Amino acid sequence: MARCIPALPRPGSPPQTVRLFDALRAGLSDEWTLVHGAAWVGKSAPDQPLHDGQLAFVLAHPEHGLLGLGLVNGALGWDPSQPAWSATGRDGRAQRIGDPFAAAQQGMAALLHKLTQHPLAVPSRPTVGHGVLLPDSFAPQAGFAPHAPNELVLDRAALQAPVEAVQRLAALWQRKVPAIGNAPSRWWWRAFEDLFLQPQRARMLLAHALADDAAAPL
């Protein structure tokens, strides 16, 4: 069973997201860590400004690396003549959305850059990949766009066996972007745990508290 942060799906999550969370938690081995609703502030490149990053799921494995998954509810659409992405709900209404593939890719680049700024970082990097979840719809066999091939989509058909789909996607990225340098040192794994799993608390020094009390008016 995978280790999950938080331990339960986030309140208000759609039913299909909850089912996916439960299936991944139960089906993945305990070497996997699953972060639901992962969010961070970081840079996608050293010369870029800080921006918010968020993905429906980030999965980490000490051997397989990091995998970020965006989520699009409804039927995803791409019109290159606009160009524009859209999501059509069950009511048939389409609304324009941002590029989910670019968002997932940029989000994982920002997360990797954030890890490389951690005190534990050394000159190496793990495999980092991304994909997009379409739990409500079926993707076209040829994919959506040149940067959004079918191999990066986990649609309703693939998610009939979600664990196998995630493992295939992780293996794909291991072939496309193998780990570089001394990744087996797993510095990034410890940095990832420190960022997402380790409880943190601000320190309050007793000496400062005593000084504040002494300075307070009687």
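Modeller: Let me begin with a term: two residues are in contact when heavy atoms of theirs lie within 4.5 Å. Please keep in mind that this is a predicted model.

Colleague: Which residues are in contact with threonine 17, leaving aside its neighbours within four places in sequence?

Modeller: With those neighbours left aside, threonine 17 is in contact with His36, Phe57 and Leu71. Threonine 17 itself lies in helix H1, which covers residues 15–27.

Colleague: Why is threonine 17 called buried?

Modeller: The word buried calls for a relative accessible area under 20%, and threonine 17 has a relative accessible area of 5%, so threonine 17 is buried. In the protein chain as a whole, buried residues make up 42% of the 218 residues.

Colleague: What makes a residue part of the lining of the largest pocket, and which residues lie nearest its centre?

Modeller: A lining residue has an atom within 4 Å of a point of the pocket, and 17 residues line the largest pocket, with Gln54, Ala56, Gly70, Leu71 and Val72 nearest its centre. Strand S2 (33–42), strand S3 (51–61), strand S4 (65–71) and helix H2 (100–116) are the elements that each give two or more residues to this lining. The volume of the largest pocket is about 390 Å³.

Colleague: How many helices and strands does the protein chain have?

Modeller: The secondary structure of the protein chain comes to five helices and 11 strands.

Technical notes. Residues are numbered from 1 along each chain as its sequence is written. This is a predicted model: local features need pLDDT of at least 70, side-chain atom pairs count only at pLDDT 80 or more; totals for chains, interfaces and linings use all residues. Side-chain values use heavy atoms; hydrogens and water are left out. Helices (H or I, at least four residues) and strands (E, at least two) are DSSP runs, numbered from the N terminus. Buried means under 20% relative accessible area, exposed over 50%, partly exposed in between (1.4 Å probe, protein chains only). On a 1 Å grid over the protein atoms alone, a cavity is a set of points where a 1.4 Å probe fits but cannot get out, and a pocket is an open set with protein on both sides within 12 Å along at least five of seven lines; lining residues have an atom within 4 Å of a point. Grid points are joined across faces, edges and corners, and a volume is the space filled by probe spheres set on the points.
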